[in-house]
Structures are given as structure tokens and as C-alpha cells.
Amino acid sequence: MSNAQAPAPTSRREQILKEAARLFAERGFHGVGVDEIGAAVGISGPGLYRHFAGKDAMLAELLVGISERLLAGGRMRVAEGGEDPRAVLHALIDGHIDFALDDRPLITVHDRELDRLREADRKRVRQLQRQYVELWVEVVRRVHPGPSESQARAAVHAVFGLLNSTPHLGRPGSLPGRTEMAELLHRLALGAFGAVAGGPAEAPAAGGPVAAGA
């Protein structure tokens, strides 16, 4: 008998949020009704109000939630990486690539709809994002101590822009497979950081973080 644990079942709230993200990305926040979100998860529109106060609450949970998860995941990778900053940087890149490849609708929703959040929620998202950026900046400067802090921060933002471009790269069938795409994005991110340091990018060792995270 296998000791492997089955994945935790997706909760109804998670199902609602996933479908809301997909629909908001496809048609815009104002182009989607509560009834349509409910139909996508097999419940009546009014039934959604047992889980969320309305579309605004769904949008807030989507955007605040992903910012919280990225920061928590980044902190975990830093803690697990020990004293090797290069291993930590590889792990951070892999973690963000997982987000960029698996949560493309959330990237689109963030780009289009962030300004629709209540001011308090929007400030919370921005606060979490700043902390996430600074986490990366510290690691990048440990790997590449030459560039200034402002240059490292600009490089981090540029790499986020590169990785978060996945919704605009074309239809999935026209792109490389997921593993190949993850490896390509990883090399591009390393190249960007190597460029700001004024030297060649450092490729990960065979069997290193790219292979593990793909």
C-alpha cells in the first residue's frame, strides 16, 4: 500500500476563485456576472453569497491572496536555501516560474483590475509586493554584489516583467511544453541578472533547481 498522500480536495471557495479568475481574465471584471461564476462551479448565483459577499470580495481575495502566497513561498525558499545564495536564487526563480505558468489568469486579472480594489486592499497588495521584491533584491545582491541596490531592484522588476509575460506568449499549443518552457524562462531570468552584474549568466548545475522545479 502506498504511503503517498492524495492531494487535498479543492474546496468550494477555491473552485469559485479559480473560475472567477478565469472569467475575469477572459472578459474583464465588469463583463462577468455572479450568475455566470456560479454556473461555472455548478451552483446558483445567489448561492455564491454563502461564500463571498460579491464580486468585489472575490477580486480582493484573488489579488491579496496571490501576493500573500508569493511572499510566503519566497520566504520559505530563502529559509530552506541555507547559506548558498545561488541555490536560493534558483529556487526563487523556479517558484515564480511555477506561478507564471500555472496562474496565468491571475496575472491578467492583476494587470487589468488592481485599481478596482478598495484602497485598503490595494495598499495591502502593494505592501506585500514590495516585501517580495526586497526579498529578491537581497538574494540577488548576495549573488552579484557589484551592482547597486537600485540596479538590483530594477533587475528584479525586469525579471518579474519577463516571467509574468506568460499570458501574452501565445496559445499553449504554440509554445514549448511546460518543462521546456520552465527551463527557458529560468535561463532568461539568470541571463538578466548576469547582465546587470556585467558578466555572463551562471547556468544551474545538472539536476539542479531548474530540473527539480520543472
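Which residues lie nearest the centre of the largest pocket? They are Ile66, Arg69, Phe99, Asp103 and Leu106, and they belong to a lining of 24 residues. The structure is a predicted model, in which local features need pLDDT of at least 70 and side-chain atom pairs count only at pLDDT 80 or more, while totals for chains, interfaces and linings use all residues. Residues are numbered from 1 along each chain as its sequence is written, and side-chain values use heavy atoms, with hydrogens and water left out.

The largest pocket has a volume of about 510 Å³. A pocket here is an open set of points on a 1 Å grid over the protein atoms alone, where a 1.4 Å probe fits and protein lies on both sides within 12 Å along at least five of seven lines; lining residues have an atom within 4 Å of a point. Grid points are joined across faces, edges and corners, and the volume is the space filled by probe spheres set on the points. Two or more lining residues come from each of α1 (12-27), α3 (55-81), α4 (85-102) and α5 (104-113). Helices are DSSP runs of H or I with at least four residues, numbered from the N terminus. The most is given by α3, with nine residues. By class, the lining of the largest pocket holds 10 nonpolar, seven polar and seven charged residues. Ala, Val, Leu, Ile, Met, Phe, Trp, Tyr, Cys and Pro count as nonpolar, Asp, Glu, Lys and Arg as charged, and the others, Gly among them, as polar.

The second largest pocket has a volume of about 390 Å³. Its lining consists of 20 residues, and the closest to its centre are His96, His110, Gln129, Phe160 and Asn164. Helices α3, α4, α5, α6 and α7 each give two or more residues to this lining, and α6 provides the largest share, five residues. The lining of the second largest pocket divides into nine nonpolar, nine polar and two charged residues.

Phe160 also takes part in the aromatic pairing of the structure. A search of the whole structure finds five aromatic pairs. The rings of Tyr132 and Phe160 have centres 5.3 Å apart and planes at 10 degrees, so this pair is stacked (centres within 6.5 Å, planes under 30 degrees apart). The pair links distant parts of the chain, since Tyr132 lies in helix α6 (residues 119-143) and Phe160 in helix α7 (residues 149-163), 28 residues apart. Both Tyr132 and Phe160 are buried, that is, under 20% relative accessible area with a 1.4 Å probe and protein chains only.

Trp136 and Phe193 are buried. Ring pairs join Tyr132, Trp136, Phe160 and Phe193 into a cluster.

Charged groups also meet aromatic rings. Arg13 lies over the face of Phe52, 4.2 Å from the ring centre, and the charged end of Lys55 sits over the ring of Phe29, 4.4 Å from its centre. The criterion is NZ of Lys or CZ of Arg within 6 Å of the ring centre and within 35 degrees of the ring normal.

Key
Phe/Tyr/Trp six-rings, centres within 6.5 Å; stacked < 30°, edge-to-face > 60°. Buried < 20%, exposed > 50% of the residue type's maximum accessible area, 1.4 Å probe, protein only.
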